[in-house]
Amino acid sequence: MTQVVQITSLLGEHDAATLRHSLRVSRLAGAMAFELGAPPAICRVAGLAGLLHDVGKLAVPTALINKPGPLTGAEARVMEGHTVSGARMVRSFAPPEIVHVVAHHHDRLDEWPSLPWLTRLVSVADAYDALVSDRSYRAGCSPAAAAQELHRVAGAQLDGDLVDVLLATLGSPRRLNAAA
């Protein structure tokens with residue numbers, strides 16, 4: 001656990017907004033697992049996967065993370081590399097299923113139908129928080145607009161059943177508090 005504290009502290013120093021996003025994704029992922037009736041240990045793993053999913057952004061310059069406009073092709077490739085960089089960073093201390101989440105949380109379900117459950121779950125939590133949160137290049141949307149967008153990409157980019165689980169979780173403060 002010491003490595004988790006160290007790497008998340010570094011992430012917060014590098015880009016506080018990315019750490020705040022990761023904390024929210026952690027809470028949502030744990031709450032979704034709870035909503036599904038997962039045992040407490042699995043809920044904790046889901047929360048840890050959500051916390052660590054974006055640590056690879058430590059390898060991305062903050063000017064790029066916080067760029068107010070569109071990324072160039074070269075910049076997009078650097079940003080996309082955060083998944084591989086993050087997997088390298090956590091593989092010495094995180095269980096394989098979490099390393100997989102870090103490496104593949106942006107993979108599309110329609111391109112990889114056998115994408116593991118935990119990766120699909122964190123991907124949904126990540127997408128929701130990315131939609132509702134303000135970014136340097138755009139304002140966040142409303143929860144209702146985010147739900148509409150998640151439903152639009154369900155079955156292609158994201159797991160539709162887990163989108164429904166997320167929306168059920170968001171409708172239940174008890175579940176969110178249990179995962180906190």
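Where is the place of Thr-18? The place of Thr-18 is in helix 2, where helices (H or I, at least four residues) and strands (E, at least two) are DSSP runs numbered from the N terminus.

This is a predicted model, in which local features need pLDDT of at least 70, side-chain atom pairs count only at pLDDT 80 or more, and totals for chains, interfaces and linings use all residues. Residues are numbered from 1 along each chain as its sequence is written, and side-chain values use heavy atoms, with hydrogens and water left out.

**Overall architecture**

The chain has 11 helices and 0 strands. From the N terminus on, its elements run α-α-α-α-α-α-α-α-α-α-α. The radius of gyration is 15 Å, close to the 16 Å that the globule rule gives for 180 residues, so the chain is as compact as a globular protein of that length. This radius is taken over C-alpha atoms, and the globule rule is 2.2 Å times the number of residues to the power 0.38. The C-alpha trace spans about 40 × 35 × 30 Å along its principal axes. Of the 180 residues, 43% are buried; buried means under 20% relative accessible area, exposed over 50%, and partly exposed in between (1.4 Å probe, protein chains only). Among contacts (heavy atoms within 4.5 Å) between residues at least 6 apart in sequence, 63% join residues at least 24 apart.

Axes are lines fitted to C-alpha atoms, for helices over the stretch in contact, and angles run from 0 to 180 degrees between N-to-C directions. On the side of helix 8, the contact is made by Trp-117, Arg-120, Leu-121, Val-124 and Tyr-128, and on the side of helix 10 by Leu-162, Val-163, Leu-166 and Leu-170. These residues divide into 8 nonpolar, no polar and 1 charged. Here Ala, Val, Leu, Ile, Met, Phe, Trp, Tyr, Cys and Pro count as nonpolar, Asp, Glu, Lys and Arg as charged, and the others, Gly among them, as polar.

Helix 2 (residues 16-35) also packs on helix 8, with axes that come within 9 Å and cross at roughly 130°. That makes helix 2 oblique to helix 8. Residues of helix 2 in this contact include Val-25, Leu-28 and Met-32, and those of helix 8 include Leu-121, Val-122 and Ala-125. The contact of helix 2 with helix 8 divides into 12 nonpolar, 1 polar and 3 charged residues.

**Selected buried residues**

| Residue | Relative accessibility |
|---|---|
| Thr-18 | 5% |
| Val-99 | 17% |
| Val-122 | 0% |

The contacts below leave out residues up to four places away in sequence. Thr-18 touches Leu-11, Asp-54, Lys-57 and Ile-65. Val-122, found in helix 8, is in contact with Val-25, Ala-29, Ala-46, Ala-49, Gly-50, His-53 and Val-101. Its C-alpha atom is separated by 24 Å from that of Pro-61, 61 residues apart along the chain.

Val-99 is found in helix 7 (residues 96-104) and touches Ala-87, Val-90, Arg-91 and Ala-94. Val-99 and Gly-86, 13 residues apart in sequence, are 8.1 Å apart in space, C-alpha to C-alpha.

Note on methods: Parallel < 35°, antiparallel > 145°, perpendicular 65-115°, else oblique.
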